[in-house]
Amino acid sequence: MGGDGKVFTLAEVSQHTSNQDCWIVIDGKVYDVTKFLDDHPGGDEVILTSTGKDATDDFEDVGHSSTAKAMLDEYYVGDIDSATVPTKTKFVPPPSNQTQSNQNKSSDFLIKILQFLVPLLILGLALGIRSYTKTPSS
Ligand code: HEM
């Protein structure tokens with residue numbers, strides 16, 4: 001096939017997501033893998049689920065061999081306009097909520113106190129009942 005330096009938008013690439021017409025984006029390059037689908041050792045379904053988006057991570061995560069990487073050239077049709085590819089979502093930790101954590105701390109403290117007091121109360125109660133119900137020895 002051989003790419004002729006064409007630049008596609010992600011929207012254009014997303015028009016080719018079926019097993020009759022399948023393009024994928026890996027490392028900023030666009031590949032028409034329609035003819036390869038049946039021959040893919042990992043099956044056609046995995047490739048089809050990687051269409052319409054940047055499939056670089058999917059492709060890399062599998063740990064494809066250098067032979068697999070070399071095969072890509074054969075299906076190259078052009079480049080992707082990177083401005084049309086959404087940037088990867090980074091993990092943003094939720095803002096630390098000070099009030100929340102203070103509340104947690106005070107309830108932790110309360111639980112500790114109760115853990116200490118409740119057995120003492122039970123013991124005191126038991127001793128109280130015992131001395132109350134004890135029949136005088138003489
Ligand atoms: C044009 C693109 C692709 C080519 C040329 C290709 C090629 C290959 C080749 C040659 C293998 C055999 C193992 C190896 O040599 O690494 C393989 C396995 C595999 N590929 Fe791909 N692949 C492509 C895209 C994808 C994509 C987008 C996925 C999506 C996750 C994928 C998933 C897999 C899986 C899961 C296997 C493992 C199969 C197994 O071990 O049973 N491949 N691929």
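**Exercise 1.** Which helix gives the most to the shell around the ligand?

*Solution.* The model is predicted: local features need pLDDT of at least 70, side-chain atom pairs count only at pLDDT 80 or more, and totals for chains, interfaces and linings use all residues. Residues are numbered from 1 along each chain as its sequence is written.

Step 1. The ligand is surrounded by 21 residues, where near means that the C-beta atom, placed from the backbone, lies within 6 Å. Pro41, Gly42, Ser50, Ser65 and Ala68 are the closest.

Step 2. At least two shell residues come from each of helix H2 (44-49), helix H3 (56-61) and helix H4 (66-71). Helices (H or I, at least four residues) and strands (E, at least two) are DSSP runs, numbered from the N terminus.

Step 3. H4 gives the most, with 3 residues.

**Exercise 2.** Describe the span that UniProt lists as "transmembrane region".

*Solution.* Step 1. The unreviewed UniProt entry assigns this name to residues 109-129; such annotations may be inferred rather than shown by experiment.

Step 1. In the model, residues 109-129 are 100% helix and 0% strand, and their end C-alpha atoms lie 30 Å apart.

**Exercise 3.** Which strands stand at the edges of the sheet, and why is one side of each left without a neighbour?

*Solution.* Step 1. The open sheet of 5 strands has mixed pairing and the order E1-E5-E4-E3-E2; two strands pair if DSSP finds at least two bridges between them.

Step 1. Strand E1 (7-8) and strand E2 (17-18) are at the edges; each has a single partner strand, so one side of each lacks a neighbour in the sheet.

Step 2. E1 runs parallel to strand E5 (residues 76-80), joined by 2 bridges. Phe8 has Ile80 as its bridge partner in E5.
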